[in-house]
Structures are given as structure tokens and as C-alpha cells.
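Please read this briefing alongside the sequence and the structure shown below. The points are grouped by topic.

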Amino acid sequence: MKRRLVVLGLDGFSAELLKKQKDVLPFLWGIVTRYSLDTLKSTFVPTTGPAWTSFQTRMDLEKHKMLGFLKYNERMDLRLVNSNDIKEEPIYSYLHSKGK
């Protein structure tokens, strides 16, 4: 049987905060004490959009160019970015292609 991997990312939530709140979040605390818990180093500047894009593409901001939640279209109008704007292969697609 293949081993499975689950990555649970909680945006803006640190390992230290969970340790302090373990009595309030016993189910989550039980999961991390049974498996593992760590804090990832974020991007510079640590904002949600670029950080999650870096996480899922394994690339820094200079390579994936997703610097925020908005992007100019061809007419120079601002629009919201979406997953179609990410041109790099995400980690889950890469792992799937390798049979992982």
C-alpha cells in the first residue's frame, strides 16, 4: 500500500499559537502530537497570495510573479488573480506525475 501524505496549512497560524491553544483545539493538537508540527518560513513580504503560490510551486516570488491578489489584464484593467495565472507546475501535480 502506498504511504499517504497530508499537508495541513493554516494561514497566519503558528506552531507556538497552537501550543498555547491546545486546550481550546484538542482535536488539532492530537493530530500534530501524533504526527508532526512545524512552522514554515514565509515569503518576503509574507502575504497570503505569494506565500501559498511559493508553497505550491516550490518557487520564489521572482519566478512565479504572483505578487498579490490583483493583476493587470491586457487592457490595463485590474482583475483578481486565479489559479490559471500560475504557470508553474504545482507540487501535487509533480508528485502525481512521479507516481507519489
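Thr53 sits in helix α3, which spans residues 48–57; helices (H or I, at least four residues) and strands (E, at least two) are DSSP runs, numbered from the N terminus. This is a predicted model, in which local features need pLDDT of at least 70 and side-chain atom pairs count only at pLDDT 80 or more, while totals for chains, interfaces and linings use all residues. Residues are numbered from 1 along each chain as its sequence is written, and side-chain values use heavy atoms, with hydrogens and water left out.

**Thr53**

- Thr53 counts as buried because its relative accessible area is 5% (buried means under 20% relative accessible area, exposed over 50%, partly exposed in between, with a 1.4 Å probe and protein chains only).
- Leaving out residues up to four places away in sequence, Thr53 touches His64, Met66 and Ile86 (contact means heavy atoms within 4.5 Å).

**The largest pocket**

- The volume of the largest pocket is about 1100 Å³.
- A pocket is an open set of points on a 1 Å grid over the protein atoms alone, where a 1.4 Å probe fits, with protein on both sides within 12 Å along at least five of seven lines; lining residues have an atom within 4 Å of a point.
- The volume is the space filled by probe spheres set on the points, which are joined across faces, edges and corners.
- Among the 33 residues that line the largest pocket, Leu8, Gly9, Leu10, Asp38 and Leu40 are the closest to its centre.
- At least two lining residues come from each of α1 (15–20), α2 (26–34) and α3.
- Helix α3 gives the largest share of this lining, 5 residues.

**Positive phi angles**

- Most residues other than glycine have a negative phi.
- Lys65, in the loop between α4 (61–64) and β1, has a positive phi near 60 degrees.
- Lys65 is exposed because its relative accessibility is 59%.
- Met76, in the loop between β1 and β2, has a positive phi of about 65 degrees.
- Met76 is exposed too, at 57% relative accessibility.

**The nonpolar surface patch**

- Met76 also belongs to a nonpolar patch on the surface, together with Phe69, Leu70, Tyr72, Leu78 and Leu80.
- The accessible area of these patch residues together is about 700 Å² (Shrake-Rupley method with a 1.4 Å probe; only the protein chains shown count as cover).
- Nonpolar side chains (Val, Leu, Ile, Met, Phe, Trp, Tyr) are joined within 5 Å, and like charges within 9 Å.
- Strands β1 (70–72) and β2 (78–80) each give two or more residues to the nonpolar patch, and Tyr72 lies in β1.

Notes. Patches are made of residues with over 30% relative accessible area and no salt bridge: like charges are joined within 9 Å, nonpolar side chains (Val, Leu, Ile, Met, Phe, Trp, Tyr) within 5 Å. A salt bridge is a side-chain nitrogen of Lys or Arg within 4 Å of a carboxyl oxygen of Asp or Glu.
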